[in-house]
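Biologist: Thanks for sitting down with me. Could you bring up the model so that we can go through its side chains together?

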Amino acid sequence: MGYPLAMKLLRRSPIERIIRRLERHPAVVVTTATLSFRMSKDYARVRAGEIDRAEFGRRGVTHVGSISGGMMGAAAGAAAGTLLAPGLGTMLGAFSGSVVGDEFGTRLGRAAVEHAEVRLQSRPAENETEPESEPMEETAPSAAEGRTPERSDDGWGLRRRSL
């Protein structure tokens with residue numbers, strides 16, 4: 001096996017290189033540890049019967065929102081603090097940005113869960129049939145021509161009249 005061929009086999013794709021760098025980044029390590037800790041506490045609550053599986057899922061989405069919001073807030077706060085006062089401003093900006101971002105991420109995560117629940121509850125189940133609706137009124141031209149309007153479903157739940 002020649003040297004160029006061995007180098008091609010050992011070379012990693014750009015995506016693999018990015019993942020290798022990220023897995024050693026402190027923010028990724030801290031984020032993973034924080035999410036694991038929060039989810040394990042909630043799983044213990046599920047096992048104890050304090051919360052159900054649906055609530056466990058809701059809390060998981062909220063935790064992801066909280067953690068990601070906190071990270072983005074910390075980055076934005078650190079950047080703003082550095083502009084105002086490098087050093088001390090960076091630290092204070094990162095701390096305050098993380099607190100505000102955490103709260104915003106938590107609220108956004110809860111809103112996303114509530115929105116998804118409303119959307120899922122408003123859909124009829126696949127085995128349910130749609131209730132029969134009232135017959136449509138005949139319009140003057142179709143009544144005069146002796147035709148009755150027909151209904152068709154366009155696949156989006158909207159009904160159209162065709163003559």
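This is a predicted model: local features need pLDDT of at least 70, side-chain atom pairs count only at pLDDT 80 or more; totals for chains, interfaces and linings use all residues.

Biologist: Which residue forms a salt bridge with Arg59?

Modeller: Residues are numbered from 1 along each chain as its sequence is written, and side-chain values use heavy atoms, with hydrogens and water left out. A salt bridge here is a side-chain nitrogen of Lys or Arg within 4 Å of a carboxyl oxygen of Asp or Glu. For Arg59, the closest N and O atoms are 3.2 Å apart, and the partner is Glu55.

Biologist: In which helix do Arg59 and Glu55 both lie?

Modeller: Helices are DSSP runs of H or I with at least four residues, and strands are E runs of at least two, numbered from the N terminus. Arg59 and Glu55 are 4 residues apart, about one turn, in helix α4.

Biologist: Is Asp42 buried or exposed?

Modeller: Buried means under 20% relative accessible area, exposed over 50%, and partly exposed in between (1.4 Å probe, protein chains only). Asp42 has a relative accessible area of 2%, so Asp42 counts as buried.

Biologist: How far apart in space are Val113 and Arg59, C-alpha to C-alpha?

Modeller: Val113 lies in helix α5, residues 88-122, and is buried at 11% relative accessibility. Leaving out residues up to four places away in sequence, Val113 touches Arg58 and Val61, a contact being heavy atoms within 4.5 Å. Val113 and Arg59 are 54 residues apart in sequence, and their C-alpha distance is 9.0 Å.

Biologist: Where in the chain is confidence lowest?

Modeller: The predictor's confidence in each residue is pLDDT, from 0 to 100; the chain averages 78, and 69% of the residues score at least 70. Helix α4 (residues 53-84) has the highest mean, 92, while the lowest, 48, belongs to strand β2 (residues 159-162).
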